[in-house]
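Subject: Structure for your review

Dear colleague,

Please find below the structure that I am handing over to you. I would be grateful if you could read the notes after it with the structure open beside them.

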Amino acid sequence: MAADIPNFTLNTGHKMPSVGIGCWLGPSGGGDVVEQMCKTALEVGSPPARTSGLRYRLPVVTIQLGYRHIDTAYGYFNEEKVGKAIRESGIPREDIFVTTKLPNHHHHRVADSLQESLDKLGLDYVDLYLMHWPQAYTEDNKPIPHDQSPTYVETWKDMEKLIGSGKVRSIGVSNFSIKLLEVLAKEASVVPAANQVEMHPCLPSFELKRYCDERGIVVTAYSPLGRPKEYDGQPVFLNDPDVERIAQEHGSSAGQVALSWGVQRGTVVIPKSENSDRIKQNITLVLLSSENMAVLDAIHKKPGMHRSLLRYHSYAKDGTVLGWTYEQLGWKMAKGGVVVD
C-alpha cells in the first residue's frame with residue numbers, strides 16, 4: 001500500500017502541500033532551466049508508470065498530475081522565471097501554493113521588498129512569506145552585528161503588518177532555532193506559520209521539530225536529499241546500506257525513501273531536480289513501516305553522519321554563518337556544521 005501525499009494545515013487555516021519543488025539553482029538563478037523545471041513540476045498529464053509497491057497520488061485533487069507547491073525566494077534570483085512558469089501553466093492561481101522569502105539586505109524594508117517579489121512573480125499574493133534568515137545585512141550585503149537594528153524581532157513585527165494586506169496568506173521564518181523562536185515568542189503578536197530549515201536523515205532535528213509541532217508551526221525541510229554536488233558527488237545518506245535496503249524493499253529509490261520519511265514524520269519537503277523523471281519520482285511516496293521509520297530516525301547516530309550537508313558552513317574562515325556564530329544562531333554545531341551532541 002502506498003502513501004497519499006497529504007496537505008498540512010497551517011495555523012492560519014490554509015493548506016500547504018507536503019511536497020513542493022525547491023527553486024534554488026545557485027547564484028545565477030537558473031534562468032530558463034528553473035522555468036522549465038517549474039513547468040515540468042506543474043505539468044498536467046498522465047501519472048508515471050506504476051512500480052511495485054508504489055501508487056501515484058497527487059497533492060491536490062483537482063489536477064491529474066503535478067506539483068502544487070513552489071518554493072522560491074528573492075535571493076534565488078529567479079522569481080521572474082518561476083512566476084512565468086506559474087502563469088503559463090494554465091492552472092488556477094488558487095490551486096498553487098507559492099512561497100517566497102525576504103532577503104537579508106531588505107530587513108529594514110519588508111513591505112517594499114514583498115512588493116518587489118510580487119512584481120517579479122507577476123502575482124497578486126503569495127501563500128507564504130518567510131524571513132529567509134534571522135541575520136540582517138546592509139543594502140550592500142554586509143552583515144549587521146547580531147544585536148544591532150534591524151533585529152529579527154523588529155523585522156518580524158514589520159512582517160506582521162503584512163497580514164490583512166491581501167498580499168500574503170501566511171508568514172513564517174527560515175533557519176530559526178528554538179533559541180530564536182523563544183525570543184520571538186516573547187515579543188511577537190503572531191506565531192510563525194512555518195519554519196523552513198535544513199532537515200534530512202543526517203540532520204533530523206528532533207528537538208526543534210517537537211518544539212514547532214507543540215506550537216502549531218509547520219516545519220519545511222529544505223535540502224531533504226542533501227546536496228551531493230557539495231560533497232564531491234557523494235550522496236552521503238542516500239547510499240547508506242540501510243536506506244538502500246529499505247528502498248529495495250519498497251521497489252523505490254533511496255530518494256523516495258528519504259522524502260517519504262520526511263512527509264511521514266509530518267514535515268513538508270521541497271526537493272529540487274532538473275530531471276523530469278526524478279521530479280515526478282520525488283512526488284511519488286511510499287508508506288514506510290514503523291520499523292523503517294525507526295531505522296531512518298537513527299541514521300544520524302552512525303559515525304560522522306550527524307551534521308549539516310551544506311557548504312555555507314565553510315564560507316567564512318572564522319566559522320560564522322552569514323555573519324553570526326553558531327551560538328548566536330542557536331545551532332548546536334561546531335565548525336563545518338557538525339552537530340555537537
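This is a predicted model: local features need pLDDT of at least 70, side-chain atom pairs count only at pLDDT 80 or more; totals for chains, interfaces and linings use all residues.

Helix α2

I begin with helix α2, which spans residues 79-88. Its buried residues are Glu79, Val82, Gly83, Ala85 and Ile86. These residues lie on the same side of α2, because the arc they cover around the axis is only 160°. Among the elements that cover them are helix α1 (32-41), strand β4 (69-71), strand β5 (97-102) and helix α3 (110-121).

In the loop between β4 and α2 sits phenylalanine 77. Its phi is positive, about 60°, although phenylalanine 77 is not a glycine. With a relative accessible area of 52%, phenylalanine 77 is exposed, since the cut-off for that class is over 50%. After α2 comes glycine 90, which has a positive phi near 80°.

Helices α4 and α5

The next topic is a pair of helices. In general, two packed helices are described by the angle between their axes and the distance between the axes. Helix α4 covers residues 152-160 and helix α5 covers residues 178-187. Their axes come within 10 Å of each other and cross at roughly 55°. The two helices are therefore oblique to each other, and their crossing is right-handed.

Which residues in α4 and α5 meet? From α4 the residues are Tyr152, Val153, Trp156 and Lys157, and from α5 they are Leu180, Val183, Leu184 and Glu187. By class, this contact of α4 with α5 comprises six nonpolar residues and two charged ones, with no polar residues.

The loop between β6 (126-131) and α4 contains proline 150. The peptide bond that leads from serine 149 to proline 150 is cis, and its omega is near 0°.

Helices α5 and α6

Helix α5 also packs against helix α6. The axes of α5 and α6 come within 10 Å and cross at roughly 25°. That angle makes α5 roughly parallel to α6, because angles under 35 degrees are placed in that class. On the α5 side, Ile178, Leu181 and Glu182 take part in the contact, and they meet Glu207, Leu208, Tyr211 and Cys212 of α6. The contact of α5 with α6 has five nonpolar and two charged residues, and no polar ones.

Helix α6 itself runs over residues 206-214, and Leu208, Lys209, Tyr211 and Cys212 are buried in it. Seen down the axis of α6, these buried residues fall within an arc of 160°, so they line one face of the helix. Their cover includes α5, strand β8 (194-198) and strand β9 (218-222).

Serine 205 is located in the loop between β8 and α6. Its phi is about 50°, a positive value although serine 205 is not a glycine. Serine 205 counts as partly exposed, because its relative accessibility is 22%. Just after α6, glycine 216 has a positive phi of about 70°.

Alanine 194 in strand β8

Is alanine 194 buried or exposed? Alanine 194, which belongs to strand β8, counts as buried because its relative accessibility is 1%. Leaving aside residues up to four places away in sequence, alanine 194 touches Leu128, Leu130, Ile171, Gly172, Val173, Ile217 and Val218. The C-alpha atoms of alanine 194 and cysteine 212 are 8.4 Å apart in space, while the two residues are 18 residues apart in sequence. Cysteine 212 is among the buried residues of α6 noted above.

At a relative accessibility of 54%, aspartate 32 counts as exposed. Between aspartate 32 and valine 243 the separation is 34 Å from C-alpha to C-alpha, and the two are 211 residues apart along the chain.

With kind regards

Note on methods
Residues are numbered from 1 along each chain as its sequence is written. Side-chain values use heavy atoms; hydrogens and water are left out. Axes are lines fitted to C-alpha atoms, for helices over the stretch in contact, and angles run from 0 to 180 degrees between N-to-C directions. Helices (H or I, at least four residues) and strands (E, at least two) are DSSP runs, numbered from the N terminus. Angles under 35 degrees count as roughly parallel, over 145 as roughly antiparallel, 65 to 115 as roughly perpendicular and the rest as oblique. A crossing is left-handed if the near helix is turned anticlockwise from the far one by less than a right angle, and right-handed if clockwise. Contact means heavy atoms within 4.5 Å. Ala, Val, Leu, Ile, Met, Phe, Trp, Tyr, Cys and Pro count as nonpolar, Asp, Glu, Lys and Arg as charged, and the others, Gly among them, as polar. Buried means under 20% relative accessible area, exposed over 50%, partly exposed in between (1.4 Å probe, protein chains only). The arc is that of the directions from the helix axis to the C-beta atoms.
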